[in-house]
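This report describes selected local features of a protein model for computational use. The sequence and structure are displayed below.

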Amino acid sequence: MKEKFNIERDEEHIYTVDGKIMPSVTQILQAHLQIDYFHQDDYYRNRGSEVDRCSVLYLEDDLDWDTVDRRVLPYINQFKNFCEATGYISTEHHGFVHNPQLGYAGEYDLLGYFGNDKVLIDIKTGDKRPHYKLQTAMYAMALVQTYEELERYSFTDFKRFGLYLGQDHYKLEKHDNPVDFSYAQSICLANTARKIYV
């Protein structure tokens with residue numbers, strides 16, 4: 001898909017959009033909900049990154065199973081089980097998004113289909129947290145603003161899910177509360193107001 005903006009992210013996870021620094025989805029949620037997205041140590045961060053990398057290779061039919069780290073292999077097996085059980089069809093993955101009206105950027109994990117339903121999926125290898133629903137809502141609101149091919153859609157056209165990968169199971173949680181969008185929008189507006197009035 002073609003981005004309407006020049007979105008970049010550096011090694012420190014700082015996003016810029018057309019050269020302007022932009023807060024990320026996780027930074028906004030962290031600041032306003034007073035949560036810690038980055039509580040885990042290097043081991044868990046690296047594990048999550050490796051699961052992401054291997055899941056992409058699996059989707060692209062380019063994964064060499066013999067080279068997968070044994071500590072990551074159970075999670076990739078569960079990702080494979082998820083794809084096979086649900087019939088998930090991937091169209092895009094790990095793309096940057098930007099919402100110019102609400103002023104944030106981020107990176108979604110998976111975009112594809114369950115049957116005829118267009119779905120947006122966020123992959124997690126840690127504990128389930130309630131605010132992940134706000135995260136997928138923010139990605140959905142930004143998707144339709146970022147890509148020309150998605151302009152004809154409303155952000156509510158995307159079915160949102162959290163995919164929790166464990167070592168011996170996976171859980172797919174539907175994020176279907178429409179209030180998620182209202183809460184997410186309010187948080188983004190409060191973030192903008194804080195920069196103006198504080």
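## Basis of the model

The structure is a predicted model, in which local features need pLDDT of at least 70 and side-chain atom pairs count only at pLDDT 80 or more, whereas totals for chains, interfaces and linings use all residues. Residues are numbered from 1 along each chain as its sequence is written, and side-chain values use heavy atoms, with hydrogens and water left out.

## Helix α1

Helices (H or I, at least four residues) and strands (E, at least two) are DSSP runs, numbered from the N terminus. Helix α1 covers residues 25-33 and contains threonine 26. With a relative accessible area of 17%, threonine 26 is buried (under 20% relative accessible area, 1.4 Å probe, protein chains only). Its side chain forms a polar contact with the side chain of serine 24 at 3.2 Å; such a contact is a pair of N or O atoms within 3.5 Å, and within protein one must be able to donate a hydrogen and the other to accept it, while residues adjacent in sequence count only if both atoms are side-chain atoms.

## Helix α2

The buried residues of helix α2 include Arg47, Val51 and Tyr58. Buried residues of α2 pack against α3 (73-86), β4 (89-93), β8 (117-124) and β9, where contact means heavy atoms within 4.5 Å. Aspartate 61, which follows α2, has a positive phi near 55°.

## Strands β9 and β10

Strands β9 (residues 159-165) and β10 (residues 170-175) pair in the antiparallel sense over 6 bridges; pairing requires that DSSP finds at least two bridges between the strands. Glycine 162 lies opposite glutamate 173 in β10, and a hairpin of 4 residues joins β9 to β10.

Notes: Buried < 20%, exposed > 50% of the residue type's maximum accessible area, 1.4 Å probe, protein only.
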